[in-house]
Amino acid sequence: MRDETSVPGWARRTAQRVAESHGGGPHVVVTGISPSGNIHNLREVLVAEAVADALKARGSEVRFIFHADTVDPLRRIAPGVPESFEQYMGHSLSYVPDPEGCHASYADHFLVPFEESLREMGMDIEVLRSHELYESGVYTGITREAIGQTEELRRILEEVSGREMPESWSPYQPRSASGDLTGNRVVEHLADENRVVFVDREGNQGVADYSKGEGKLGWRVELAARWKALGVTFEPFGKDHTSRGGSTDTADRMSLEVFHYPVPGRFEYEWNYIKGQGAMSSSKGIVLLPEDLLRIMPPGALRRLFLGRDPARAIEIDLGEGFPRFMDEYRAEAGEPPVPFLHLVTVAQATSASPRGWSEAQKMLRRGGYEATPDDLRHARNWAEEWAPEALRLRVLDPEESAEAAGTLDDEQRAYLAAVAGKLGPDMEGEAVQELLYSTAVERGLKPKRAFGAVYTVLLGKKSGPKAGPFVAGLPEGIVRDRLSV
Ligand SMILES: [Zn+2]
């Protein structure tokens, strides 16, 4: 668990409501998702984590579960998956092969990288795979209860959704011999044997043992069923689930009226939007994967980015132009040593090609009066390479490129650079270099804009760049002298 003071107010208030309605614990906080494509819904997991932390801070024992719905049927083919996977439609994600052959199943192909990111974030969470819960009998009792009360469950579904359910509707979906979970009709319940008799699409009769995971509960029923089977006391939901007639409306009534289990505490979160792209959605391929985001920021910043000030409100994530400001605010709030993110970006890029990059970077930072960790620089460099607007991308030109760029300068500018090269001393501080660049321009009657432009041209191949003094001071003296001697 992280520092108690890091628990935000909304999470503390939610935990208080959960404690009032469900007692002092032990609490079971659950969050879950169907691993049918790239998993990006970090906001839900982080909301659950924050409330779990807030409950712990109140002194409660908490079990924090990520319920991966691996038994769910394949309903659509994720972007990038071969069309031949149509043959697995309706099969459990845990029994469909990995489209790229690198993991145990289709489910694991998407779940395992997400699990790794959760570990990297230091999250204290238990990942449960629903097919294993069914196979090990965790859901046997609740499945028997559900099938035994089919009529009640159907009535609730019809009342809440306003749709009429077919006469043959069952809360249980047995798996046919082909592996298909959909379209099989339950005809008899052998409650003493934990089995159902069913007829598949082709009219073949089969038997499924629900204590061995030979099927699953339909998802609306399963939601309520797992609250009781796992003893859940809190679960967050996105607004798509909590809309009127949505899955929480049916699950709440099923839980209370059929399973006689109190509805877990709840927090309704709004979605994350990506600047310029819209709402995050795996089916539309609009996703930000945690593993990619951890390349450019530490776990604490990722939590802050996805939760915003209040996850009940929508936020727009900007990983481009707005990102440096976000990182500066994050560092200030987290009490980390203040070093402007844009300065880290400059330092990281200026030193990235050098074999002694880290020690040069440290020198450059110290000259500016800053300190940073190798991780800070790695994040800044990755951001510069993967997300930064073109104007912020810097690379010190090699001698040939620099000579070519110098060809665009006039004689006055070239003479200015030579004069500066002659006056540059070893170990000059950033401010001293800034002053030297400026005063030399004034002495030679050169407008500062043209003077500084010449410096950026031979070093970066651009007409402008980061503040020249500290930037030049941070570069190895030999390189600067070489590039300026045109
Ligand atoms: Zn894989």
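## Helix α19 and other local features

The model is a predicted one.

Helix α19 itself covers residues 448-460. From first C-alpha to last, its 13 residues reach 17 Å, close to the 18 Å expected at 1.5 Å a residue. Ten of the 13 residues are buried, so α19 is largely enclosed by the rest of the structure. The buried set is Ala451, Phe452, Gly453, Ala454, Val455, Tyr456, Thr457, Val458, Leu459 and Leu460. Just after the helix, Gly461 takes a positive phi of about 70°.

Thr457 is buried, with a relative accessible area of 9%. Residues up to four places away in sequence aside, Thr457 touches Leu397, Ala405, Thr408, Leu409 and Lys462. Val433 lies 24 residues from Thr457 in sequence and 17 Å away in space, C-alpha to C-alpha.

Phe306 sits in another helix, α11 (residues 299-307). Phe306 is buried because its relative accessible area is 0%, and the cut-off for buried is under 20%. Beyond its neighbours within four places in sequence, Phe306 is in contact with His40, Leu42, Arg43, Leu46, Asn272, Met280, Leu293, Ile315 and Ile317. Phe306 and Glu44 are 262 residues apart in sequence, yet their C-alpha atoms are 9.2 Å apart in space.

The zinc site comes next. Four residues coordinate the zinc ion: Asp98 through OD, Cys102 through SG, and His103 and His109 through ND1. The distances run from 2.0 to 2.3 Å. Angles among the four donor atoms are 107 to 112°, and the site is tetrahedral. Ideal tetrahedral angles for four donors are 109.5 degrees. In sequence the donor residues follow the spacing D-x3-C-H-x5-H. Cys102 is partly exposed, with a relative accessible area of 47%. His103 is also partly exposed, at 28%.

| Residue | Relative accessible area | State |
|---|---|---|
| Cys102 | 47% | partly exposed |
| His103 | 28% | partly exposed |
| Phe306 | 0% | buried |
| Thr457 | 9% | buried |

Now the strands. Strand β9 (residues 234-238) is mostly covered, with five of its five residues buried. In a regular strand the side chains alternate between the two faces of the sheet. Both faces of β9 are covered. Phe234, Pro236 and Gly238 are buried on one side, and Glu235 and Phe237 are buried on the other. β9 pairs with strand β10 (residues 265-269) in the parallel sense, over five bridges. Within this pair, Gly238 stands opposite Tyr269 in β10.

An open sheet is made of three strands in the order β5-β6-β7, with antiparallel pairing. Its edge strands are β5 (185-190) and β7 (205-209), each pairing on one side only. Neighbouring strands of this sheet are turned by 25° against each other on average, direction ignored. β5 and strand β6 (residues 195-199) run antiparallel and are joined by five bridges. Val186 stands opposite Phe198 in β6.

Conventions:
Residues are numbered from 1 along each chain as its sequence is written. This is a predicted model: local features need pLDDT of at least 70, side-chain atom pairs count only at pLDDT 80 or more; totals for chains, interfaces and linings use all residues. Side-chain values use heavy atoms; hydrogens and water are left out. Buried means under 20% relative accessible area, exposed over 50%, partly exposed in between (1.4 Å probe, protein chains only). Helices (H or I, at least four residues) and strands (E, at least two) are DSSP runs, numbered from the N terminus. Two strands pair if DSSP finds at least two bridges between them. The expected span of a helix is 1.5 Å times one less than its number of residues. Axes are lines fitted to C-alpha atoms, for helices over the stretch in contact, and angles run from 0 to 180 degrees between N-to-C directions. Donors are N, O and S atoms within 2.8 Å of the metal (3.2 Å for Na, K and Ca); water is not among the atoms, so sites may look incomplete. Four donors count as tetrahedral if all angles lie between 85 and 135 degrees; four count as square planar and six as octahedral if opposite donors are over 155 degrees apart and all others between 65 and 115; anything else is irregular. Contact means heavy atoms within 4.5 Å.
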